[in-house]
Amino acid sequence: MFRHYVIAALTALALPGSAQAALPEPSLRNGLAPTPPMGWSSWNQFGDQINEQLLVQRMDAMAADGLRDAGYVYINLDDGWQRHKGTRKDHPLEVDPVKFPHGLRWLADYAHGHGFKLGIYSGPGQTTCAGYTGSEGHEAEDAKQFAAWGVDHLKYDSCCSHKDAPKTEVQAIVKKMALALRASGRPIVYHACHCGWADIWQWAADAGANHWRIGQDISDDFDYPGHREKYYFDVLDMLDRGITLGQHAGPGHWNDFDMLIVGLNGKSQELVGAGASNVEYRTHFSLWALAASPLLIGADVRSLDAYTLETLSNQEVIALNQDPLGQPAEKVRDDGSLQVYAKGLANGSVAVALLNRGSATAEMTVSPGKDLGEAWKHYRVRDLWRHAELGEFDIPFTTEVISHEARVLLLTPVTGHPPTDTPK
Ligand code: GLA
């Protein structure tokens, strides 16, 4: 069940000669991001209201509260660091000297000196989504500049400038920047952000991208009826779109379900949405982790409450996201509002999320044989939110799941003779 992506890839390589007649273009894969990037991005909470002090304070907070050591090392400036609004024809691309008085080399040095990496944002148009100068016509020069500043990650956003552009044009602009980054000589993780259009998951890895958005912008909602303002995707919209695309992701190239909304609580200065409950934010985090999406915190890390910090810091759930096999979760059972997701891990265990999308508590079951295709006689179950062993079983595992909760379980085969427990 969980190995079929690999088998599909090997089959593709073994096509008979005639099917290989047209040689594929050389891949631009850069070997970076073997596991999904983790960090913090300025956009979801602050929009373009960012500055040097704000960034420094967030890094200091993440170093002090353990988030950096939990793996969140990319500190990504999103739109709004640039000096000028308006087209590139009319303005150079420069850092805003009022917002960033010491400049970006200084900020990158600060990040590196404190165990972080620095990310930056631009786009292939004359202007970016928020109306600042873009990189069009200056890709090589900008990539060199980012490298000279010591940047480690680039979000290159074509959502606004190339919204309705044909796929070939989008491919060309993504590749152009990939080549420019390569020529810069600095390893820079590359996010080609195209809001889930132009079937980007099918080709972006070979165009040099390390991750790409699978949907439009996230809203701060778990399950908003329809799409807010006929555009935004809530958590369940994003999940339903992205979970079908797992075969396109793996080490070095990831489906990006968008930045996390955990902890925004409807108070973002930028995002639409009314916020979600603690349980819903935890479910969102769990599913992004299992889907092997980048985990970029969007909330203000200076003012997280204890529950939110616990959600974002769960090392057992983060380990699923960062598992070296890099296999995204699949939906293995769908009984309407009760769904089971599973992610195969490098050590042979399987991580499972029992998701209750309904409005009442429900009993949910996972069967290693029927749902996971595993021929295990006995298996062990660990609950990764309660940090508790639930026992050893030789029958399907059943438990209660409250409304909008995802119970995250680790199932591990047991060899030798184990006792049989009843589910807790
Ligand atoms: C687009 C992207 C967002 C953000 C903004 C910045 O909407 O999808 O993630 O980067 O642009 O303007």
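Biologist: Into which domains is the chain divided?
Modeller: The chain is divided into domain 1 (3-321) and domain 2 (330-414). Please note that this is a predicted model.

Biologist: How many Å separate the centres of the two domains?
Modeller: Taken over C-alpha atoms, the centres of domain 1 and domain 2 are separated by 30 Å. In the interface, 24 residues of domain 1 are in contact with 22 residues of domain 2.

Biologist: What is the area buried between them?
Modeller: About 2,000 Å² is buried between domain 1 and domain 2, and carbon and sulfur atoms give 64% of that area. Leu290, Glu316 and Leu320 supply 30% of the area that domain 1 buries against domain 2, more than any other three residues.

Biologist: How many salt bridges and polar contacts are found across the interface?
Modeller: The rule finds 2 salt bridges across the interface of domain 1 and domain 2, together with 9 residue pairs in polar contact.

Biologist: Which element gives the most to the domain 1 side?
Modeller: That is α9, with 9 residues on the side of domain 1 that touches domain 2.

Biologist: Turning to helix α5, which of its residues are buried?
Modeller: In α5 (residues 139-149), the buried residues are Glu139, Asp142, Ala143, Phe146, Ala147 and Trp149.

Biologist: Why do they line one face of the helix?
Modeller: Seen down the axis of α5, the buried residues fall within an arc of 165 degrees, so they line one face. On the other side of α5, Ala140 and Lys144 are exposed.

Biologist: What covers the buried residues?
Modeller: The cover of the buried residues of α5 includes α4 (103-113), β3 (117-122), β4 (153-157) and α6 (167-184).

Biologist: And what follows α5?
Modeller: Glycine 150 follows α5, and its phi is positive, near 90 degrees.

Methods:
Residues are numbered from 1 along each chain as its sequence is written. This is a predicted model: local features need pLDDT of at least 70, side-chain atom pairs count only at pLDDT 80 or more; totals for chains, interfaces and linings use all residues. Side-chain values use heavy atoms; hydrogens and water are left out. Buried means under 20% relative accessible area, exposed over 50%, partly exposed in between (1.4 Å probe, protein chains only). Helices (H or I, at least four residues) and strands (E, at least two) are DSSP runs, numbered from the N terminus. The arc is that of the directions from the helix axis to the C-beta atoms. Contact means heavy atoms within 4.5 Å. Domain bounds come from an automatic or database domain assignment. Buried area is the accessible area (1.4 Å probe) that two parts lose on being put together, summed over both. A salt bridge is a side-chain nitrogen of Lys or Arg within 4 Å of a carboxyl oxygen of Asp or Glu. A polar contact is a pair of N or O atoms within 3.5 Å; within protein, one must be able to donate a hydrogen and the other to accept it, and residues adjacent in sequence count only if both atoms are side-chain atoms.
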